[in-house]
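I opened this model to go through a few spots one by one. Here are my notes, in the order I took them.

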Amino acid sequence: MRIVDVREVTKPIASSIRNAYIDFSKMTASLVAVVTDVEREGRRVVGYGFNSNGRYGQGGLIRERFRSRILEADPASVLTQAGDNLDPHRLWAAMMTNEKPGGHGERSVAVGTLDMAIWDATAKIAGRPLFRLLAEQKGVEANPRVFVYAAGGYYYPGKDDTQLRAEMRSYLDRGYTVVKMKIGGAPIGEDQRRIEAVLSEIEGRARLAVDANGRFDLESGIAYAKMLRQYPLFWYEEVGDPLDYALQAALSEFYPGPMATGENLFSHQDARNLLRYGGMRPDRDWLQFDCALSYGLVEYLRTLDVLHQFGWSPSRCIPHGGHQMSLNIAAGLGLGGNESYPDLFQPYGGFPDGVRVEDGHIVMPELPGIGFEGKSDLITVMRDLAE
Ligand SMILES: O=C([O-])CC(=O)C(=O)O
Ligand SMILES: [Mg+2]
């Protein structure tokens, strides 16, 4: 049993949307395939992965460093002890050979993308849905019913409050009970008007989260906190620079409601610093680390260990990214849910065909691997790469 090839292609996921920090006019993502020599049900097992929106494709790093480390590793050294499957932990160690600690930048995205494909292959070789495999490995009960919320509410040219309201209403009509919109990309008075427009549209049917995408310094973060705290928001997200833990800690003095952050922290060490120094409150705040940007599930398991040490429940995690990988982690390991972008980043985001959101939850189908084979538009693009 061995990995015979690793392929990467960088795909556009561009759109005209804008958050408080970046526009997505040139956004890309890496799609990767890990090709094995194993056959299951008459088909070669190929694991697939991709990175979440926001950090661009990582073809250069994957092709120049990580692909060759996987292919050059002694095949037996990256299998389980019994030799009956790939071992994602050993493959992770092979990928990270000769990498210095710290500086968790783009490299964590490249490794996270490959790690997704490795876990997909591993679960397919085991013939199980990944969430079942993860629950079994951890000795816990899987829960295939997962909370999901609808992220959108971006700024884009020509969009007014009427369109914003219609967008949010459409998420409610599709079964969501929590919706998210962007703030910090307009003057505070304008954002307040947008928030009130959305709140009056969804009143009684759903809750609203707002996301500043790390735009604010302490002073504007506090000004927004004072404005926002009069509304019953689901959360106030990524207020300041992701690595400015002192800012995050100071904010909690001005914002008693739930806050969320973590999508731009890319290692368990950074996550630990957030818990050590960021003043995050385990009874109400939310952690959004996204394995597809942060060295994958092997690293995410370390992050969950850190959470445990600091007295945090995995149910406080609702990852960024809207991909099926995090849905599997949520269902298998008891996370609080997952992000979803109902109208963006297709075909990568979303759910297998036929999965519907009901009362803010989906139910995972029993598909081997991550479940990409159940999403026809996605698996078509994937198979173009490697089958
Ligand atoms: O707009 C983005 O970069 C995505 C984002 O923050 C989110 O989904 O929370
Ligand atoms: Mg965000």
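**Entry 1: helix H5**

At the start of H5, I found a side-chain oxygen of aspartate 160 within 3.1 Å of the backbone nitrogen of threonine 162. I call this kind of pair a polar contact: N or O atoms within 3.5 Å, where within protein one must be able to donate a hydrogen and the other to accept it, and residues adjacent in sequence count only if both atoms are side-chain atoms. Helices (H or I, at least four residues) and strands (E, at least two) are DSSP runs, numbered from the N terminus.

A note on the ground rules: this is a predicted model, so I ask for pLDDT of at least 70 for local features and 80 or more for side-chain atom pairs, while totals for chains, interfaces and linings use all residues. Residues are numbered from 1 along each chain as its sequence is written, chains are lettered from A and ligands numbered from 1 in the order in which they are written, and side-chain values use heavy atoms, with hydrogens and water left out.

Next I checked the length of H5. Its 13 residues (161-173) should span 18 Å at 1.5 Å a residue, and the end C-alpha atoms are 18 Å apart, which agrees. The expected span is 1.5 Å times one less than the number of residues.

Which residues of H5 are buried? I listed Asp161, Leu164, Glu167, Met168, Tyr171 and Leu172. Seen down the axis of H5, these buried residues fall within an arc of 145°, so they line one face of the helix. The arc is taken from the directions from the helix axis to the C-beta atoms. Thr162 and Asp173, on the other side of H5, are exposed. My cut-offs are under 20% relative accessible area for buried, over 50% for exposed and partly exposed in between (1.4 Å probe, protein chains only).

The buried residues of H5 pack against strand S4 (145-151), strand S5 (178-182) and helix H6 (188-202). Contact here means heavy atoms within 4.5 Å. After H5 comes glycine 175, with a positive phi near 105°.

**Entry 2: helix H6**

I moved on to H6, where the 15 residues should span 21 Å at 1.5 Å a residue; the end C-alpha atoms are 21 Å apart, which agrees. The buried residues of H6 pack against H5, S5, strand S6 (207-211) and helix H7 (218-228). Serine 200 sits in H6 and is partly exposed, with a relative accessible area of 39%. Its C-alpha atom is 8.8 Å from that of arginine 165, 35 residues away along the chain. Just after H6, I noted glycine 204 with a positive phi of about 80°.

**Entry 3: ligand 1**

How many residues surround ligand 1? I got 13, the closest being Tyr154, Lys180, Asn213, Glu339 and Tyr341. A residue is near when one of its heavy atoms lies within 4 Å. Oxygen atoms of ligand 1 lie 2.9 Å from a side-chain N or O atom of asparagine 19, 3.0 Å from a polar side-chain atom of lysine 182 and 2.8 Å from a side-chain N or O atom of asparagine 213. The protein covers 97% of the 270 Å² of accessible area that ligand 1 has on its own.

**Entry 4: histidine 320**

My last stop was histidine 320, in the loop between helix H10 (296-309) and helix H11 (324-333). Histidine 320 is buried at 4% relative accessible area. Its side chain makes a polar contact of 3.4 Å with the side chain of tyrosine 341.

Notes:
Areas by Shrake-Rupley, 256 points an atom, 1.4 Å probe, with all protein chains shown as cover.
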